[in-house]
Amino acid sequence: MEYEAVIGLEVHAQLLTESKIFCGCSTKFGAAPNHHTCPVCTGMPGVLPVLNQRVVEFALRATLATHCRVAQTSRWARKNYFYPDLPKGYQISMYELPIAQHGYVDITVNKHSKRVGLTRIHMEEDAGKSIHDAHSDASLVDLNRAGVPLLEIVSEPDMRSPEEAGAYLRSLRTILQYIEVCDGNMEEGSLRCDANVSIRPRGSTALGTKVEIKNLNSFRAVEKALHYEIKRQHEALTTGERVSQETRLWDADREATRSMRSKESAHDYRYFPDPDLLPLVVSNDWISMVRASLPELPSARRERLMQTYKLPAFDAEVLTTRKDLADYYEAAVRAYPTDPKAISNWVMESVLRVIKEKKLDAGLVITEWPCPPAHLGALVRLVHEGKISGKMAKAIFEEMCTSDKAPDTIVAEQDLTQVSDEGVLATQVDQILAAHPDKVAEYRAGREKLLAFFVGQVMKATQGKANPQLLNQLLKRKLIVNQ
Amino acid sequence: MDLYRLTIHEATTLLRKREISARELTQAVLSRIEATNAHTHSYITTCDHSASLQAAAADRRLATQDPLSPLCGIPIALKDVILTRGLRSTAGSKMLAEFTPPYDATVTRLLKEAGAIIIGKVNCDEFAMGSSNENSAFSPSRNPWDFSRVPGGSSGGSAAAVAADQALAALGTDTGGSIRLPASFCGVVGLKPTYGRVSRFGVVAFASSLDQIGPVAKDTQDCALLLQVIAGHDPYDSTAVNLPVPDYHATLKSGVRKLKMGIPKEYFVEGMQPEVESAVNRAITQLEALGAQPVDISLPHTEYAIATYYIIATAEASSNLARYDGVRYGYRAPQSDGLRAMYDLTRAQGFGPEVKRRIMLGTYVLSAGYYDAYYLKAQKVRTLIRQDFLTAFESCDVIATPVAPTTAFRVGEKTADPLTMYLSDIFTIAVNLAGLPGLSLPCGFDASGMPIGLQLIGKPFAEDILLQAAHAYEQATPWHTNKPPL
Amino acid sequence: MRIGTEEVRRVALLAHLALTPEEEKDLIGHFEKVLAYMEKLNQLDTGGVEPTAHAVVGHASLREDRVTNQADTTALLQNAPASESDFFKVPHVID
């Protein structure tokens with residue numbers, strides 16, 4: 001019996017507002033415990049929530065960017081349960097009437113495009129954090145994070161493989177970054193994902209028993225956990241066992257999912273409309289304003305890069321994974337418009353490498369680039385104009401990364417201009433050949449690999465500045481001609 | 001003259017003329033409390049030391065500033081569900097017996113800004129849940145007119161303190177009648193404003209869509225003065241409306257001529273204490289004599305109000321009281337095996353029986369499978385109840401009713417069966433469900449000398465009309481000059 | 001409306017209230033009485049009636065996204081039953 005997987009993802013995105021959703025405390029990460037708190041977000045007696053306007057604006061951006069229908073009236077609901085990091089004993093969320101429904105995100109997996117539906121988007125408040133391992137018999141609670149605004153984005157169970165899930169998650173993150181509502185950092189917890197997965201006989205339309213997987217702290221974890229879980233469920237069903245509907249945790253060390261021991265009987269959250277918050281009404285004017293202020297979204301930008309700069313899909317994909325990266329690329333091209341593909345190569349290989357090495361992409365916006373885009377453009381120009389070799393350019397790039405200097409400046413200061421003068425190079429070649437007659441003879445006898453030796457010698461003599469293509473031509477000509 | 005017997009308006013005049021000082025006035029009230037609190041148990045906490053400091057500050061303001069709020073230098077008591085920064089606020093419960101809030105309720109702040117003197121925190125049913133003050137964890141308050149009787153609840157301490165001249169006025173809260181019932185039982189004036197008229201920020205929440213904070217005072221003029229200070233928009237309370245606050249004093253003496261007074265037949269039914277019924281009827285006649293025009297009206301869904309209320313209020317309360325879990329403040333059970341046990345024991349030990357009953361009921365009506373049948377149904381009936389009033393108000397300006405079916409009952413009389421206790425809210429409860437303003441003022445005494453109250457119900461945000469009608473009646477009658485023999 | 005011990009215990013678990021057998025018995029009785037009283041509401045036809053979720057008519061007031069709070073961690077922890085280096089301290093979850 002062939003089975004297929006049915007996967008849905010529930011994503012929580014921490015919003016980049018200055019203050020919390022229902023009070024004026026700071027949302028900045030990294031403060032000392034309980035230093036970004038007030039009576040409201042710590043659930044003191046008598047406190048009341050007041051909604052942060054920017055949270056709604058961010059939700060509207062996400063709604064429009066994912067083609068959802070905006071509910072002009074949405075309602076706040078209380079989700080009631082007890083936990084030490086949930087100060088009021090309930091979370092203010094949305095239940096029956098969320099702000100957005102019925103959207104989609106387009107993904108590409110192995111060159112196949114697919115549309116993943118979004119069931120709903122709503123706003124809610126985050127809980128605080130508990131530390132369980134400081135003591136054997138006690139936990140410590142920090143409420144700095146309590147009240148930080150979250151967007152909950154629920155997908156339809158449209159994904160059929162872990163790769164599709166990964167692609168969806170990445171696409172969604174990119175969208176959220178582009179509209180500047182979330183920095184999408186799974187490792188730091190600003191983007192969280194729970195997965196729901198079941199399997200069913202291929203061709204069936206009924207849904208199998210759904211298992212929820214939590215504790216997924218990276219994109220890789222999501223894909224790995226799904227692979228594991230699908231296999232586990234498959235094995236269970238083929239041996240005649242039943243799959244229980246439950247929540248399982250991903251154990252990254254053991255690379256397996258394990259059952260969460262049931263805490264209480266199945267949660268009864270007793271949702272009801274929050275009496276302290278009146279219905280949220282969003283006017284058509286506001287929606288139009290937000291729509292008008294949306295930046296060019298990733299898919300549109302990819303298309304445009306391909307069209308305008310004649311880039312292959314792969315390049316466009318990589319360059320648009322981050323909005324600021326795409327901005328950087330286009331700024332570099334503006335500095336030197338003649339060879340956009342070359343600039344793309346440089347960005348993808350060298351600039352991205354440095355960014356990843358130095359972890360410059362942890363936040364929403366890369367504030368420190370390896371070098372300014374104009375400098376990158378200049379570097380490509382210098383290669384294109386034959387002033388420096390490709391190899392030299394790589395060295396200059398490293399220098400640019402550490403020194404902030406423009407490539408022209410570096411070339412001038414270090415006298416790195418490529419030697420492309422045929423006469424000058426010919427002289428060098430003659431000198432080298434004259435100095436190694438035995439090797440010349442060997443080469444002519446058939447050891448063609450020795451070409452590299454001669455290239456190396458000339459490069460040494462010219463401090464690496466010999467134009468490689470010209471040098472190759474000259475060497476070959478001279479090595480053969482003087483036969 | 002015993003300074004503690006003064007009303008706010010009388011005291012203000014003397015203070016402005018510098019014939020008395022805030023210090024003297026405060027001292028007089030503190031001495032009065034000391035002499036009489038053992039009988040009435042009105043106060044849970046008195047502020048002897050800070051009151052003197054506040055009085056000194058008030059005297060300085062009185063000496064230099066103009067214009068000043070009429071509340072400057074006036075000793076006011078706050079129901080212990082109203083938070084006061086740095087001053088213990090217990091909500092009448094063991095759960096918060098040692099809780100010192102790090103912030104002031106908005107109404108507290110407004111009073112302080114006006115120069116009022118917070119003289120102490122008065123007794124109430126635990127978490128404002130009750131109609132007799134017998135659910136307090138702190139020696140329940142007694143009626144100053146007869147110590148063997150209850151002062152009413154849940155703002156029992158507020159009403160007792162005002163009736164016994166242990167404060168010039170007080171603030172209480174009203175969720176189902178908790179200002180109006182004790183005001184009626186103690187022979188003072190109590191006003192529950194329109195929902196949204198006064199900020200709830202910093203007041204321990206019982207039922208969020210029903211709670212309101214309001215004045216308990218010796219007469220209608222004082223009531224107006226106090227309401228003036230606390231009414232208004234608050235950026236910290238999303239349900240406090242942004243509507244201008246009228247000058248309540250300006251229209252106070254406008255009288256009741258041509259005022260249409262609705263008399264709902266459903267509020268004059270069997271089971272009322274006969275003296276209560278006749279006193280209220282006489283009051284209505286008196287108002288007619290003053291120029292009000294009685295109009296027969298019907299509020300057909302009245303009999304469903306109690307059931308509706310107890311579903312909605314307990315549901316909201318069960319959620320509002322979830323924060324009392326021993327984690328961040330308040331009582332924590334000393335010995336427990338793990339977190340869940342800590343929760344269970346803390347709440348079992350910190351809450352009294354009535355609070356637990358209501359939390360249980362509220363949790364039940366919200367739980368899976370019961371939400372539609374109870375909570376949702378109740379909210380729909382609530383709409384019908386509100387519509388009753390709004391329809392009635394098309395043909396009248398105020399509605400006149402009794403406040404309670406009886407006068408103050410004896411301590412212990414109704415505690416055996418909670419449902420019996422709930423039924424004493426029958427005339428007040430629908431007003432909260434509809435979010436309307438309601439005022440209780442004295443309209444007579446029964447044969448045992450216990451006060452009887454008249455309720456006036458108004459259109460949304462028409463507290464000025466209520467006060468004006470109440471004032472006209474009050475000034476034509478002697479009840480407001482009566483004092484308990486204390 | 002018969003409410004059994006099972007039901008009362010389920011609700012007590014959700015509400016995190018430890019009940020004595022006495023209290024359980026009392027509650028069963030109380031529930032029965034009160035819920036029977038509430039049956040009244042079923043006499044009413046509420047088809048087509050909108051529920052009142054809020055007591056004021058209107059919609060959400062919004063505030064500006066600005067940090068306006070200066071935290072006072074000391075004041076916050078003053079009322080804490082147990083704390084440790086600025087954290088609240090609670091017993092572990094025991095499953």
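**View 1. Chain B as a whole.** This is a predicted model. For secondary structure, count 15 helices and eleven strands in chain B. Burial covers 67% of the 486 residues of chain B. Take the contacts in chain B between residues at least 6 apart in sequence: 76% of them join residues at least 24 apart.

**View 2. The open sheet of chain B.** Eleven strands line up here in the order E1-E3-E2-E4-E6-E5-E10-E11-E9-E7-E8 (chain B), and the pairing is mixed. At the edges you'll find strand E1 (43–46) and strand E8 (293–297) of chain B; each has a single partner strand, so one side of each is left without a neighbour in the sheet. From one strand to the next, the twist averages 30°.

**View 3. Zooming in on E2 and E3 of chain B.** Strand E2 (residues 75–79) and strand E3 (residues 117–122) of chain B run parallel and are joined by five bridges. One residue pair to pick out: B:Leu78 has B:Lys121 in E3(B) as its bridge partner.

View 4. Helix H5 (residues 156–163) of chain B lies across E1, E2, E3, E4, E5 and E6 of chain B. Relative to E4(B), which covers 169–174, helix H5 of chain B runs at about 155°.

**View 5. Helix H10 of chain B and its packing against chain C.** The twelve residues of H10(B), 339–350, should span 16 Å at 1.5 Å a residue, and the end C-alpha atoms are 16 Å apart, which agrees. Buried residues of H10(B) include B:Leu339, B:Met342, B:Tyr343 and B:Leu345. The buried residues of H10(B) pack against strand E3 (87–91) of chain C.

**View 6. Where chain A touches chain C.** This contact takes 41 residues from chain A and 31 residues from chain C. On the chain A side, strand E2 (51–52), helix H1 (53–65), strand E10 (138–142) and strand E17 (280–281) each supply at least two residues. E10(A) gives the largest share, five residues. By type, the chain A side divides into 20 nonpolar, 13 polar and eight charged residues.

View 7. E2(A) and strand E1 (residues 62–63) of chain C run parallel, joined by two bridges. In E1(C), C:Leu62 is the bridge partner of A:Leu51.

Terms used:
Residues numbered from 1 in each chain as written. Chains lettered and ligands numbered in written order. Predicted model: local features only at pLDDT ≥ 70, side-chain atom pairs only at ≥ 80, totals over all residues. Helix = DSSP H or I, 4+ residues; strand = E, 2+ residues; numbered from the N terminus. Buried ≥ 20, exposed ≤ 12 C-beta atoms within 10 Å, placed from the backbone. Contact = placed C-beta atoms within 7 Å. Nonpolar A, V, L, I, M, F, W, Y, C, P; charged D, E, K, R; others polar. Pairing = 2+ DSSP bridges. Expected span 1.5 Å × (residues − 1). Axes fitted to C-alpha atoms, helices over the stretch in contact; angles between N-to-C directions.
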